[in-house]
Amino acid sequence: MDIYSKIKDAIKEMGGTLLPGLKIAKVVSCSGYTCTVQIDSLQLKDVRLRAVINNNDDKVILTPKTGSYVLVYDMSGGKMRDLVVMSCSEVEKIEIKTENTTVDIDKNGVRINGGNLGGLVNIEELTNKLNALVNAFNSHTHSVSGTAGEIPVTGTAASVASPASVFNKTDYEDTKVKH
């Protein structure tokens, strides 16, 4: 018996239910904004993943993992018809949307606004590589050879007239987003 079954059994032994309207259920499947759960031998479909249904596309959705346990609230006053997931033991994915900003989190990582711009930059590593390039540019010289009349001449050309400045990550780092 897993830990969640033991917790469920312990709660039942203490008094039967958590609070009126609250039930512990096992997730059978999830699709969109709803899931199917099992409470004892009863399987209930169309359990909401968010309590408020409206036409606004803004949302915060926690989708529980299949097989995990959820705390379900019966908003119909015991008729078991308007059920909503209040909390879950394991999360499959999280979806957040507010106006034009989206954040999706799942086992594959975090995607902001669709993730089409690629991964985030490792700022320290980028700054070090850029500064190595600046250093190489600033100290670069050329070996030259030629002739002055009939006499061969060799030497070194002068380094760059205007050296490049080193990079400082505070000039381009957005400290509001970290990873």
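The legends below describe close-up views of a predicted model.

View 1. Strand 1, which spans residues 22-31, pairs with strand 2, residues 34-39, in the antiparallel sense, and five bridges link the two. Within this pairing, Lys-26 lies opposite Gln-38 of strand 2, and Ser-31 lies opposite Thr-34 of strand 2. Two residues separate the strands of this hairpin, and Gly-32 adopts a positive phi near 65°.

**View 2. The hairpin of strand 2 and strand 3.** Strand 2 is also joined to strand 3, residues 42-48, by five bridges, and the two run antiparallel. Cys-35 faces Val-47 of strand 3 across this pairing. The hairpin has two residues between its strands, and in the turn Asp-40 shows a positive phi of about 55°.

**View 3. The pairing of strand 1 with strand 5.** Strand 1 pairs with strand 2 over five bridges, and five bridges also join strand 1 to strand 5 in an antiparallel arrangement. Here Ala-25 has Val-70 of strand 5 as its bridge partner. Strand 5 covers residues 69-74, and the loop between strand 4, residues 59-64, and strand 5 contains Ser-68.

**View 4. Ser-68 in the loop between strand 4 and strand 5.** Ser-68 occupies the loop that lies between these two strands. It counts as buried because its relative accessibility is 1%, where the cut-off for burial is under 20%. The side chain of Ser-68 reaches the backbone oxygen of Lys-65 at a distance of 2.6 Å. Beyond its neighbours within four places in sequence, Ser-68 contacts Ala-25, Lys-26 and Val-27, together with Ser-89 and Glu-90. Of these contacts, Ala-25 is the bridge partner of Val-70 in strand 5, and Lys-26 stands opposite Gln-38 in strand 2.

**View 5. Ser-87 in strand 6.** Ser-87 belongs to strand 6, which covers residues 83-88. With a relative accessible area of 41%, Ser-87 is partly exposed. When neighbours within four places in sequence are set aside, Ser-87 is in contact with Tyr-69, Val-70 and Leu-71. Ser-87 and Pro-64 are separated by 23 residues in sequence, and their C-alpha atoms are 8.7 Å apart in space.

View 6. Glu-95 is part of strand 7, residues 91-98. Its relative accessibility is 16%, so Glu-95 counts as buried, since burial requires a value under 20%. The side chain of Glu-95 makes a polar contact of 3.5 Å with the side chain of Lys-59. Residues up to four places away in sequence aside, Glu-95 touches Lys-59, Val-60, Ile-61 and Thr-63, as well as Val-103 and Asp-104.

View 7. Most residues other than glycine have a negative phi. Asp-46, located in strand 3, has a positive phi near 60° although the residue is not glycine. Asp-46 is exposed, as its relative accessible area is 57%, and the cut-off for exposure is over 50%. Asn-113, likewise not a glycine, has a positive phi of about 50°. Asn-113 is placed in the loop between strand 9, residues 109-112, and helix 2, residues 123-139. At a relative accessibility of 43%, Asn-113 is partly exposed.

**View 8. The largest pocket.** The largest pocket holds about 310 Å³ of space. Its lining consists of 13 residues, and those nearest the pocket centre are Arg-111, Ile-112, Gly-115, Gly-118 and Leu-120. Sorted by class, this lining comprises six polar, five nonpolar and two charged residues.

**View 9. Glu-173 and Ile-7.** Glu-173 lies in the segment that follows strand 11, residues 151-156. Glu-173 counts as partly exposed, with a relative accessibility of 28%. Between Glu-173 and Ile-7 there is a separation of 166 residues in sequence and of 46 Å in space, taken from C-alpha to C-alpha.

Terms used
Residues numbered from 1 in each chain as written. Predicted model: local features only at pLDDT ≥ 70, side-chain atom pairs only at ≥ 80, totals over all residues. Heavy atoms only, no water. 1 Å grid on protein atoms, 1.4 Å probe; cavity = no way out; pocket = protein on both sides within 12 Å on 5 of 7 lines; lining within 4 Å. Points joined across faces, edges and corners; volume = space filled by probe spheres on them. Nonpolar A, V, L, I, M, F, W, Y, C, P; charged D, E, K, R; others polar. Pairing = 2+ DSSP bridges. Helix = DSSP H or I, 4+ residues; strand = E, 2+ residues; numbered from the N terminus. Buried < 20%, exposed > 50% of the residue type's maximum accessible area, 1.4 Å probe, protein only. Polar contact = N/O pair within 3.5 Å; in protein donor to acceptor, adjacent residues only side chain to side chain. Contact = heavy atoms within 4.5 Å.
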